[in-house]
Amino acid sequence: MTPSGIVFDSIYFKTWSEHSGLKKPACSATKKVLATLQEFLLENGFEGNLDFDRFTYYVESNDFEPINKSFIDQFVQYLISSNPGLSNKTIYNKISSLKSFFNFLDRVNMISHNPMAHYTNKYYERNININFLTEVECKDLLKAALLEEPFSKYYYLLIWTAITTGLRNNEICCLSFEQINFQNNMVIVNKGQKTNAKGIAIPGFLANELKHFKQYKETIEEDFSPYVFSRKKRKLYNNQMVSIVRSISEKAGINRRVIPHDLRRTTGFLMLKSGANLRAIQQQLRHELLGTTLEYLSISDSLILDED
């Protein structure tokens with residue numbers, strides 16, 4: 001049953017509901033926090049149609065102003081006080097859902113001011129799973145990888161490929177030279193999980209490095225394995241990739257646990273930082289739904305705004 005009321009009857013909710021593309025759990029979580037927002041509005045005597053750009057009326061100036069951070073602060077306090085048993089993690093998740101909702105409205109140009117653009121969610125710190133590497137951390141990681149084996153550049157190319165292509169762990173391990181179109185700087189992904197055959201871009205300089213790496217393997221190591229990142233003529237396995245990423249990240253001085261999937265998320269973060277649009281990022285990561293891409297970038301968006 002579709003909920004109703006000031007928030008749920010608004011064009012904001014209807015557009016979000018039709019086009020956000022969020023998975024069912026994320027969608028349900030957002031609806032719950034919006035229901036609480038609706039309760040808060042009604043308790044404060046809100047009437048009429050919801051308009052976030054003409055949200056607060058000031059008698060002195062006889063004018064309206066957009067929804068702002070001060071209102072969000074009041075709502076968060078209401079959220080906490082009306083649910084005294086909530087853990088900090090749950091509060092964090094509810095605020096994140098609301099922030100995601102306003103970020104969506106901002107992306108589709110439905111609001112002129114995003115009240116949560118710079119909002120600091122202080123109720124739960126995700127110290128372990130940061131989920132992506134910054135540009136500085138990427139440089140440190142690549143430097144450490146190159147020092148680990150400077151002649152073949154094996155680790156350097158492995159990490160560089162993971163960071164720039166967005167390939168999943170299994171796709172990296174199964175990557176063959178036949179999948180790489182060195183002329184067009186493309187990789188055809190056809191041997192990974194959750195994937196149909198699709199082409200993704202790789203930097204031209206990386207393509208050239210991989211071509212030289214193939215020659216090195218065949219002439220120096222006499223390794224004619226079809227897999228790009230085979231070791232001693234044997235295919236690289238997922239658990240080995242996990243160990244390599246962990247070891248290199250520790251040597252790079254990254255003081256948190258880094259897993260291969262973090263490098264895939266880093267691809268999206270770096271593309272966003274460079275100005276790529278969301279559809280291009282979705283295509284590179286091969287997400288079926290744009291909403292999945294937005295979930296990947298939710299942390300990135302907030303950090304970019306904080307850095308600016």
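Student: Which residues in H6 meet which residues in H9?

Tutor: Tyr154, Tyr155, Leu158, Ile159 and Ala162 of H6 meet Met241, Ile244, Val245 and Ile248 of H9, where contact means heavy atoms within 4.5 Å. This is a predicted model, in which local features need pLDDT of at least 70 and side-chain atom pairs count only at pLDDT 80 or more, while totals for chains, interfaces and linings use all residues. Residues are numbered from 1 along each chain as its sequence is written, and side-chain values use heavy atoms, with hydrogens and water left out.

Student: What makes H6 and H9 roughly perpendicular to each other?

Tutor: The axes of H6 (residues 154–165) and H9 (residues 238–251) cross at roughly 100° and come within 11 Å. Angles of 65 to 115 degrees count as roughly perpendicular, so H6 and H9 receive that description. Helices here are DSSP runs (H or I, at least four residues), numbered from the N terminus. Axes are lines fitted to C-alpha atoms over the stretch in contact, and angles run from 0 to 180 degrees between N-to-C directions.

Student: What is the make-up of the contact of H6 with H9 by class?

Tutor: It has nine nonpolar, no polar and no charged residues. Ala, Val, Leu, Ile, Met, Phe, Trp, Tyr, Cys and Pro count as nonpolar, Asp, Glu, Lys and Arg as charged, and the others, Gly among them, as polar.

Student: Why is H1 called roughly perpendicular to H4?

Tutor: The axes of H1 (residues 11–19) and H4 (residues 88–107) come within 10 Å and cross at roughly 90°. That angle makes H1 roughly perpendicular to H4. The contact is made by Tyr12, Phe13, Thr15, Trp16 and His19 of H1 with Phe101, Phe104 and Leu105 of H4.

Student: How do you know that the buried residues of H1 line one face of the helix?

Tutor: Tyr12, Phe13, Thr15 and Trp16 of H1 are buried, that is, under 20% relative accessible area with a 1.4 Å probe, protein chains only. Seen down the axis of H1, the buried residues fall within an arc of 165°, so they line one face. The arc is that of the directions from the helix axis to the C-beta atoms. The face turned away carries Ile11 and Glu18, which are exposed, meaning over 50%.

Student: Why is Glu209 called buried?

Tutor: Glu209 has a relative accessible area of 13%, and is therefore buried. Its place is in helix H8 (residues 204–219).

Technical notes: Helices (H or I, at least four residues) and strands (E, at least two) are DSSP runs, numbered from the N terminus. Angles under 35 degrees count as roughly parallel, over 145 as roughly antiparallel, 65 to 115 as roughly perpendicular and the rest as oblique.
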